[in-house]
Amino acid sequence: MKKILITGSNGMLANSVKERLSKNELICTDVADLDITKENAVLEFVQDLKPDYIVNCAAYTAVDKAEEAGEIVEKINSDGPGNLAKAAKEVGATLIHVSTDYVFDGELEVEKSYQEDDATGPVTVYGITKLHGEEQVKANTDKYYIFRTAWLYGEGNNFVRTMLKLGETRDEISVVSDQHGSPTYAEDLANIIGEAIEKEIPYGIYHSTNEGFTTWYDFTKAIFEQAGVNCKVNPVSTEKYIEMMNIVQAKRPKNSQLSKAKLAKVGIQVPTWEDALRRYLIKEGKI
Ligand SMILES: NC(=O)c1ccc[n+]([C@@H]2O[C@H](COP(=O)([O-])OP(=O)(O)OC[C@H]3O[C@@H](n4cnc5c(N)ncnc54)[C@H](O)[C@@H]3O)[C@@H](O)[C@H]2O)c1
C-alpha cells in the first residue's frame, strides 16, 4: 500500500484514478484544499504528508476559453506541475503528471502516429502551456511519469454524453470528419497509471490513449450504433462546422494519433477505443 496524493481530485480523470488506486492510502485535494499554483503551500503540504506518489489530475482544460483567459492558464498548466515536481523531489516522491496530444501541431499524415520523442509544436494556448508543464516537470525532478492522453471521456461531462443527448432529441446532426485521434476512456488511462505504479516501469513520457484511431464523425456513429440511437450523422469539415455553428474555436490538430509502442515495451497493453466505448456505455446504462 502506497501513500498517494491526488491533486485536481474533483475532475473527470481523477474520478477514475481514485477508483483504480483505492487499495492505497489516498489523499484527495482540489483547488479549495491545495491550489497547485501556490508554490509554498504545495511545498509545505507535501513536506508534511510525505507521499510516495503525487498524481496530478489538475489542469486548465477549457481549450477554447484558454485562448483569452490570460496568465491563469500558464499558472495552472505549467507553474502548477513545476511546484509539484519541486515538492516531490524534496520528499523523494514520484510525480505522475498528465499531458496531451495538443503538444503536437497535428499536421502528421493520417496513417502515422507520434512517438514520445517526436518534435513538439503546440498551436494553442492550452497546448503551449501543457508543453511548458512537461518541461517544468522534467527540469525539477528525475522521478516522473508524464502520460500524454487525448479525447478523454469518463465520469463527468464529455463528448460521448453530449452526443447521446443530441442523438436522443434530434433526427440528424453534423460532426467534424477531418480531425483524427484516439478517444480514451478515463478508466483505461487510470489503469495505465495504476500499472505504472505497480510494475514500477521506467520513468519518462508515455503516450497513453486507447488503441486505434478515428474521427469525431466515425466516433459519433459508433456511439449511436453501440447505444442503439436512431440519429443520422452527417460528416462536415472543421471549417464548415465553425461556419455553421458561428463559433470561434482554437485550432485543433488534424491528426494527433499517439503511438503506444513504448507502453507496450514496458508490458502495458491498452484496449481499443471501440472496446472502451462499449464498457463505458454499459457503465452508463446505455447498453
Ligand atoms: N479532457 C480531455 O479531453 C483531455 C485530453 C487530453 C489531455 N487531458 C489532460 O488530462 C488531465 C485531466 O483532465 P480532465 O478532463 O479530467 O480535467 P477536468 O477539467 O475534469 O479536471 C481538472 C480539475 O483540476 C482542478 N483544478 C483547476 N485548477 C486547479 C488548481 N489551481 N489547483 C488544484 N486543482 C485545480 C479543477 O477544479 C478540476 O477538478 C489534464 O491534465 C488534461 O490536460 C484531458
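The structure is a predicted model, in which local features need pLDDT of at least 70 and side-chain atom pairs count only at pLDDT 80 or more, while totals for chains, interfaces and linings use all residues. Residues are numbered from 1 along each chain as its sequence is written.

We can start with the whole fold. The protein has 11 helices and 12 strands, where helices (H or I, at least four residues) and strands (E, at least two) are DSSP runs numbered from the N terminus. Its radius of gyration is 19 Å, close to the 19 Å that the globule rule gives for 287 residues, so the protein is as compact as a globular protein of that length. Here the radius is taken over C-alpha atoms, and the globule rule is 2.2 Å times the number of residues to the power 0.38. Along the principal axes, the C-alpha atoms fill a box of roughly 55 × 40 × 35 Å. Buried residues account for 45% of the 287 residues; a residue is buried if 20 or more other C-beta atoms, placed from the backbone, lie within 10 Å of its own, exposed if 12 or fewer, and partly exposed in between. Of the contacts between residues at least 6 apart in sequence, 82% join residues at least 24 apart, a contact being two C-beta atoms, placed from the backbone, within 7 Å.

Turning to the ligand, 25 residues surround it, and the closest are Gly 8, Gly 11, Leu 13, Ala 58 and Ala 59. A residue is counted as near if its C-beta atom, placed from the backbone, lies within 6 Å of the molecule. Helix H1 (12-20), helix H4 (71-91) and strand E4 (94-100) each supply at least two residues of this shell. By class, the shell holds 12 nonpolar, 10 polar and 3 charged residues, with Ala, Val, Leu, Ile, Met, Phe, Trp, Tyr, Cys and Pro counted as nonpolar, Asp, Glu, Lys and Arg as charged, and the others, Gly among them, as polar.

Met 12 is found in helix H1. With 18 C-beta neighbours inside 10 Å, Met 12 counts as partly exposed. Although Glu 155 is 143 residues away along the chain, its C-alpha atom is separated from that of Met 12 by 5.4 Å. Beyond neighbours within four places in sequence, the contacts of Met 12 are Leu 152, Gly 154, Glu 155, Gly 156, Asn 158 and Ala 186.

A helix pair is also worth a look. The axes of H6 (residues 159-169) and H8 (residues 216-227) come within 10 Å and cross at roughly 65°; axes are lines fitted to C-alpha atoms over the stretch in contact, with angles from 0 to 180 degrees between N-to-C directions. Val 160, Met 163, Leu 164 and Gly 167 in H6 meet Thr 220, Ile 223, Phe 224 and Ala 227 in H8. This contact has 6 nonpolar, 2 polar and no charged residues.

Finally, two residues draw the eye through their backbone. Most residues other than glycine have a negative phi. Lys 50, however, has a positive phi near 50°, and Trp 151 has a positive phi near 45°. Lys 50 sits in the loop between helix H2 (39-49) and strand E3 (53-56), and counts as exposed with 12 C-beta neighbours inside 10 Å. Trp 151 lies in the loop between strand E5 (144-149) and strand E6 (152-153), and counts as buried with 23 such neighbours inside 10 Å.
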